[in-house]
Amino acid sequence: MRLYNTLTKRKEEFIPVQPGIASIYSCGPTVYYTAHIGNLRAYVCSDILKKTLRLNGFQINDVMNITDVGHLVGDGDAGEDKVEKTAKAQGVTPLAIAQKYTDLFMRDIKRLNITPAQQIVPATHCIDAMINLIKTLEQKGATYRTSDGIYFDASTFPDYFQLSKGNLAGNIGGARVELGEKRNVNDFALWKFVGPNTLQKWDSPWGVGCPGWHIECSAIALQYLPNPFDIHTGGVDHIPIHHTNEIAQTQTATGKPVCHYWFHNEFMTIDGGKMSKSLGNVYTLDDLLLKGYAPLHLRLLILQTTYRSVLNFTFTALDAAREQYLNIVTALTKHRDATTPTEPTVLNQLWQEFTDALNNDLNTPVALAVLHKTLKQPASHDIFKLVTEKFDQVLSLDLATAVARLPEPMAIPDQVKDWAEQRLAAKQRKDWATADQLRGQIASAGYQVTDTAQGYQIKPR
């Protein structure tokens, strides 16, 4: 199995730290709002990763954090805590806000058939671990104090840009931006001092405050996974700051890398542009449900693009995914009740093509192409089992259940069948006027006739 490693900028064979076990850390949500479909794409991508690893015989040891403190508005070191701001606006506690949006997030990933991480850890449950990690960084001489907190000094870590491939030169304090008390533009808060009106605060050796955003992921990973662990997942938006800062603080504290493989999914755009509340195009899963789509239509749409490519969401594309989902399920029905066997060599070849696609850096579009190729095989229950019991381990589209729920096909009236036969005969003798007239009669009866390579197909309109 080969994965693209953001750190090395190439595909690499996956070799775990512990034989047979894949240890994975996934950056979880900041729980102050309902996750939108762009957020959810990241978790579908990491789900495909984990299910492909399981397909290759690996056990999964995975952790995901829940950011319920420390993530400030604007993602930097200034401004108000996102969870706290929402809590004050709604007149409830930060704990109530965090629980509400954690529950909604867990509901949405269940709808998308995403297997949750074995360990789901809120940041507020690991304050002591974060304080101890900051102490270690302080002992290493990598921190300094300002009037508003304890900061990591990026200049003490020469490899600061190893992930983002940036350049520290020219970013020394005061050279380009107004830094306040920060020494360097890339320095970041490990612990923020807070005032009496702040709702979430803890005692620390440096004073009452709360953790910065970045420290939680390092502390949680060090507590629950090997150091280094195997794979760190997240969106590409985390590369230049959040994940870069994780590397700096973990590697400074331990002298070891955070992990061996960095796995990043690309952005989702909406109609070719950014998602924006002002444009009214920030969609949640509930928004799609209200418009008549199912969660698995979105999952199928996400699978149609490789995780390292920008996915442009449009409702036209989602309509096509819904139609494709129905076509897949309809095609499976001919295989479900068939009795003719398929040669084992054919089944093995199809399975090999499917796994080869996934093992080549999770190439889900090619895997879907193999699925469609498989469905075009002569009717066989062996094909039904291959798709529903093996392919769907990773695709997780609930195909067997969908086939069972598909309504029985409506009986086509004999008169409509006669018109369709007459139309076919008219077309064969190139009597286009009669063929068009018969098509109109069929449509008036509530059916549509579609030409196929074998002749025609009749369906209710």
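Me: Which glycine follows H1, and what is its phi?
Reply: This is a predicted model, in which local features need pLDDT of at least 70 and side-chain atom pairs count only at pLDDT 80 or more, while totals for chains, interfaces and linings use all residues. Residues are numbered from 1 along each chain as its sequence is written, and side-chain values use heavy atoms, with hydrogens and water left out. Helices are DSSP runs of H or I of at least four residues and strands are runs of E of at least two, both numbered from the N terminus. The residue after H1 is Gly57, with a positive phi near 95°.

Me: What span does H1 reach from its first C-alpha to its last?
Reply: H1 covers residues 37-55, which is 19 residues. The expected span of a helix is 1.5 Å times one less than its number of residues. For H1 that expectation is 27 Å, and the helix comes close to it, at 26 Å.

Me: How many residues of H1 are buried?
Reply: Buried means under 20% relative accessible area, exposed over 50%, and partly exposed in between, with a 1.4 Å probe and protein chains only. By that criterion H1 is mostly covered. Of its 19 residues, the buried ones number 16.

Me: How many residues of H8 are buried?
Reply: H8 runs over residues 295-303 and is mostly covered. Its buried residues include Pro295, His297 and Arg299. The count for H8 is nine of nine.

Me: At what angle do H1 and H8 pack?
Reply: Axes are lines fitted to C-alpha atoms, for helices over the stretch in contact, and angles run from 0 to 180 degrees between N-to-C directions. Angles under 35 degrees count as roughly parallel, over 145 as roughly antiparallel, 65 to 115 as roughly perpendicular and the rest as oblique. H1 and H8 are therefore roughly perpendicular. Their axes lie 10 Å apart, and the angle is about 70°.

Me: Which residues of H8 meet H1?
Reply: Contact means heavy atoms within 4.5 Å. On the H1 side, the residues are Ile37, Arg41, Val44, Asp47, Ile48 and Lys51. On the H8 side, they are Leu298, Arg299, Ile302 and Leu303.

Me: At what angle do H2 and H3 pack?
Reply: H2 spans residues 82-90 and H3 spans residues 94-111. H2 is roughly perpendicular to H3. With the axes 8 Å apart, the packing angle is about 105°.

Me: Which residues of H3 meet H2?
Reply: H2 contributes Val83, Glu84, Thr86, Ala87 and Gln90. The partners in H3 are Pro94, Ile97, Lys100 and Tyr101.

Me: Where is Asn113 found?
Reply: Asn113 is not a glycine, yet its phi is positive, about 60°. Its place is the loop between H3 and strand S5 (119-122).

Me: Which residues does a cis peptide bond join?
Reply: Most peptide bonds are trans. Omega is about 0°, and the bond joins Asn227 and Pro228.
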